[in-house]
Amino acid sequence: MDEVVRREIILDNYQHPMHKGLVEDDSYIKKNTNNDSCIDNIDMMMKIKDGVIEDIVFDGEACSICTSATSILIRTLIGKTKEEAEVVLENYQNMIHEIEYDKEILGELNVYDQVYKQPNRKTCALLPSKAAESILKESEK
């Protein structure tokens, strides 16, 4: 991916994140996640109905990588079954950790395929996926 395009996508999703703002609705599962080494602290809420992710929202304070990754990840996951979402999350985490992954599954999340070059940013990029993964596990209970 062209470096200019990559930067534009990340910056746009940081400055204008989609699905930002929590809701008052008990049908959502809420998780907080944070990064001990920086300001990243986000709350994520996910609504799952009949095994399909109907909605995800988030709020909090986070750096450009974490905020933009949250915005893009949410758009990627909405409408997917829990199983499909788990595949996306596994591939995304593999990409960040430089493990074999399916690029086709990730779509716009591929903008983070160079995060490994800045190891201290890996945690920022992984926070939203860890929150989503935690919510999916809790929904199975």
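Me: The radius of gyration is taken over C-alpha atoms, and the globule rule is 2.2 Å times the number of residues to the power 0.38. What radius of gyration does the chain have?
Reply: The chain has 14 Å, which agrees with the value near 14 Å for a compact globule of 141 residues. The model is predicted, so local features need pLDDT of at least 70 and side-chain atom pairs count only at pLDDT 80 or more, while totals for chains, interfaces and linings use all residues. Residues are numbered from 1 along each chain as its sequence is written, and side-chain values use heavy atoms, leaving out hydrogens and water.

Me: In what order do the elements run?
Reply: From the N terminus the order is α-β-β-β-α-α-α-α, giving five helices and three strands. Helices (H or I, at least four residues) and strands (E, at least two) are DSSP runs, numbered from the N terminus.

Me: How do E1 and E2 run, parallel or antiparallel?
Reply: E1 and E2 run antiparallel and are joined by seven bridges; two strands pair if DSSP finds at least two bridges between them. A hairpin of six residues connects E1 to E2, and Asn-34 has Asn-41 in E2 as its bridge partner.

Me: And how many bridges join E2 to E3?
Reply: Nine bridges join these antiparallel strands, with Ile-48 opposite Ile-53 in E3. Two residues lie between E2 and E3 in their hairpin, and Asp-50 in the turn has a positive phi of about 55°.

Me: Changing topic, where is the kink in H5 centred?
Reply: The kink, of about 30°, is centred on Pro-128. The bend at a residue is the angle between axes fitted to the seven residues ending there and the seven starting there.

Me: What span should H5 have?
Reply: The 18 residues of H5 (122–139) should span 26 Å at 1.5 Å a residue, and the end C-alpha atoms are 26 Å apart, which agrees. The expected span is 1.5 Å times one less than the number of residues.

Me: Which elements do the buried residues of H5 pack against?
Reply: They pack against strands E1 (28–34), E2 (41–49) and E3 (52–61), and against helices H2 (64–77) and H3 (82–96). Among these buried residues are Lys-122, Pro-128 and Leu-136; buried means under 20% relative accessible area, exposed over 50%, partly exposed in between (1.4 Å probe, protein chains only).

Me: What does Glu-98 touch?
Reply: Glu-98 touches Tyr-116 and Lys-122, not counting residues up to four places away in sequence; contact means heavy atoms within 4.5 Å. Glu-98 is in the loop between H3 and H4 (103–106).
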